[in-house]
Amino acid sequence: MFDSTADPAQPKPEFYRELLLAADAMTASEPDTVANMANVAALLWETMPDLNWAGFYRLIGGELVLGPFCGRPACTRIALDRGVCGAAASTRSSQRVADVHAFPGHIACDAASRSELVVPVLRRGAVIAVIDLDSPALARFDADDQAGIEALAALIADRI
Ligand code: SME
């Protein structure tokens, strides 16, 4: 069992410090990539308020394939020229979208989604996966969220 002390009432930088400690503890000695992605998705889902989806897409054979997640069932495959996830993977840069309805090509897996943060996971410079967070709130994610999830992606890059 892993319990995170990350509390959304904390200032975000502190929240993410705690979140990373929990993610580190749950993945450090576990070699199975699915187990690690599943627990990290659950950790995000349990600790971050106002999410309706949290999880992974993995880059396999030139497209994104659904990985472990929490939330409603989602599209299984995303081409790199599609959606917010495809944009993050193809540009190797985080996509923080305040209003998904204003993002050309956004893929609405859940009509309730209003904002989205997608962070690529890079291993030795190459994209291996993306972390995707969706929220029913407009502009749910700020620069601190992006920095925190980017730090998480760096932490787990060799463990997923
Ligand atoms: N909205 C994403 C698709 C994945 S779901 O949000 C889980 C996109 O536009 O790439």
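Which residue has a backbone N or O atom that lies 2.7 Å from a nitrogen atom of the ligand? That was what I wanted to know when I opened this predicted model.

**Entry 1: the contacts**

I checked the backbone, and the residue is Ile-107, with an N or O atom 2.7 Å from a ligand nitrogen. Next I looked up how much of the ligand is covered. On its own the ligand exposes 300 Å², and the protein buries 99% of that.

**Entry 2: the surroundings**

I asked where the ligand sits, and found it in the largest cavity. The elements that each give two or more residues to the shell around the ligand are β1 (53-60), α3 (83-91) and β6 (126-135). Of these, α3 gives the most, with three residues.

How many residues surround the ligand? I noted 13, and the closest are Val-84, Cys-85, Ile-107, Glu-116 and Asp-134. I sorted the shell by type too: eight residues are nonpolar, two are polar and three are charged.

**Entry 3: salt bridges**

I moved on to charged pairs. Side chains of opposite charge can pair when their charged atoms come close. The structure holds eight salt bridges, and I picked one of them to follow up. Lys-12 and Asp-145 form a salt bridge, and their closest N and O atoms are 2.6 Å apart.

Which parts of the chain does this pair link? I traced Lys-12 to helix α1 (residues 12-27) and Asp-145 to helix α4 (residues 143-156). These are distant parts of the chain, as the two residues are 133 residues apart.

Notes: Residues are numbered from 1 along each chain as its sequence is written. This is a predicted model: local features need pLDDT of at least 70, side-chain atom pairs count only at pLDDT 80 or more; totals for chains, interfaces and linings use all residues. Side-chain values use heavy atoms; hydrogens and water are left out. A residue is near a molecule or strand if one of its heavy atoms lies within 4 Å of it. A polar contact is a pair of N or O atoms within 3.5 Å; within protein, one must be able to donate a hydrogen and the other to accept it, and residues adjacent in sequence count only if both atoms are side-chain atoms. Accessible areas come from the Shrake-Rupley method with a 1.4 Å probe; for residues, only the protein chains shown count as cover. On a 1 Å grid over the protein atoms alone, a cavity is a set of points where a 1.4 Å probe fits but cannot get out, and a pocket is an open set with protein on both sides within 12 Å along at least five of seven lines; lining residues have an atom within 4 Å of a point. A molecule sits in a cavity or pocket if more than half of its atoms lie within 2 Å of its grid points. Helices (H or I, at least four residues) and strands (E, at least two) are DSSP runs, numbered from the N terminus. Ala, Val, Leu, Ile, Met, Phe, Trp, Tyr, Cys and Pro count as nonpolar, Asp, Glu, Lys and Arg as charged, and the others, Gly among them, as polar. A salt bridge is a side-chain nitrogen of Lys or Arg within 4 Å of a carboxyl oxygen of Asp or Glu.
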